[in-house]
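Visitor: Could you walk me through this model and its charged side chains? I would like the cut-offs as we go.

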Amino acid sequence: MGKQITAFGEVMMRLQVPGYELLSQASTLNYSFSGTGVNVTAALARFGHTGYLVSTLPANAVGDAAVSYLQKLGVTTSFIMRDGNYVGMYFLENGFGARPSRVTYSNRLESSFNTASEGTYDFQDIAKKMDVVHFCGITLAMNDSVRSHMKTFANTVKKNGGTVVFDCNYRPSLWGEDGYEKAKSHYEEMLHLADIVMMNEKDAMFVLGMKTEKEDRQEQLMDLIPAVAEKYKISVAAGTHRSINGDNTHSLRGFIFKNQTFTFSKTLTFSVYDRIGAGDAYTSGIVHGEVEGFSPEKTVEFAATAGMLAHTIVGDTPMSSESDILRAMTESVGDVER
């Protein structure tokens, strides 16, 4: 039986340059709609849950197009408000070889979501209907008004006995100068409310200012994550370590920390078609494993495989079903499926 799962976050328009051209070379752009909340709820809807999004979109043709796109992804749009005039946008140039992909944000602070007034959402009503609610550090970076919405919603979910998921997702470009100092108190507030947290050792060191004598990434992780979990009373912490190899393939290893124990996935190595949104696929795998009662071993392998498959699919939003992921966990890469 699927759960009622929602996310609080912005819907963004993705404007992608075709192929590997630069913005300065291209004359056309392909558009779609995404956002962390969109990606996570759409992925969980594919796993058999009911995925809602709490957001605000403009009351115009662009907002209509976004709602239509979300419905096509399987996201339930009944908690999406319609107000304001703008949707946040980002331009994506695909990297190739030594040149990384590049994201350029536009119009984000004026978006309908980021200018929604107090009282826009009936958090009490929404929280009563939800089993799990997902929040993201990207949303936390926007402005004081959005932060107020987010913390009110998270507190309401906790009071109603729901599960709070918080993805740290720290973005230096969004917090600006002295970003870590600005972000720390807001992150601490969300961590105190969270049951499941997506993070790794870098979040603990840089955002929370925690210290470790260890030099190796895995040793730092195993030193810091238990301390974070204990301090903030977090029941599950999970994340990934990624490395980019000389042949342009990527390697990904997932971890989950639960019941005072680390469980790691196998290291998965794969070619990358579209990297954006792969972390959201991993998050959705962790949430699915937790609500379905998978063992930590199965949860972390499922999430890592979901992340791997998301790298092979164009667009931000993960499109793999539970059966796709379970099959990829047990089979090597093969020929045409007939």
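Guide: Gladly. A salt bridge here is a side-chain nitrogen of Lys or Arg within 4 Å of a carboxyl oxygen of Asp or Glu. This is a predicted model, where local features need pLDDT of at least 70 and side-chain atom pairs count only at pLDDT 80 or more, while totals for chains, interfaces and linings use all residues. Residues are numbered from 1 along each chain as its sequence is written, and side-chain values use heavy atoms, leaving out hydrogens and water.

Visitor: How many salt bridges does a search of the whole structure find?

Guide: The search covers the whole structure and applies that nitrogen-to-oxygen limit of 4 Å. Its count of salt bridges is 13.

Visitor: Is R147, which meets D144 in a salt bridge, buried or exposed?

Guide: Both residues lie in helix 5 (residues 144-159), three residues apart, about one turn of the helix; helices (H or I, at least four residues) and strands (E, at least two) are DSSP runs, numbered from the N terminus. Buried means under 20% relative accessible area, exposed over 50%, and partly exposed in between (1.4 Å probe, protein chains only). D144 is exposed at 57%, whereas R147, with 11%, is buried.

Visitor: Which residue does K158 meet in a salt bridge?

Guide: The contact is 3.0 Å, N to O. It links distant parts of the chain, 37 residues apart: K158 is in helix 5, and its partner is in the loop between helix 7 (179-193) and strand 10 (196-198).

Visitor: Where does E301, the salt-bridge partner of K266, lie?

Guide: The two side chains meet at 3.8 Å, N to O. K266 is in the loop between strand 13 and strand 14 (268-270), so the pair ties together parts that are 35 residues apart in sequence. E301 is buried, with a relative accessible area of 15%, and lies in helix 11 (residues 296-310).

Visitor: Which residue stands opposite F257 in strand 13?

Guide: Two strands pair if DSSP finds at least two bridges between them. Four bridges join strand 12 (residues 250-258) to strand 13 (residues 261-264), and the two run antiparallel. Their hairpin has two residues between the strands, and N259 takes a positive phi near 55° there. Opposite F257 stands F262.
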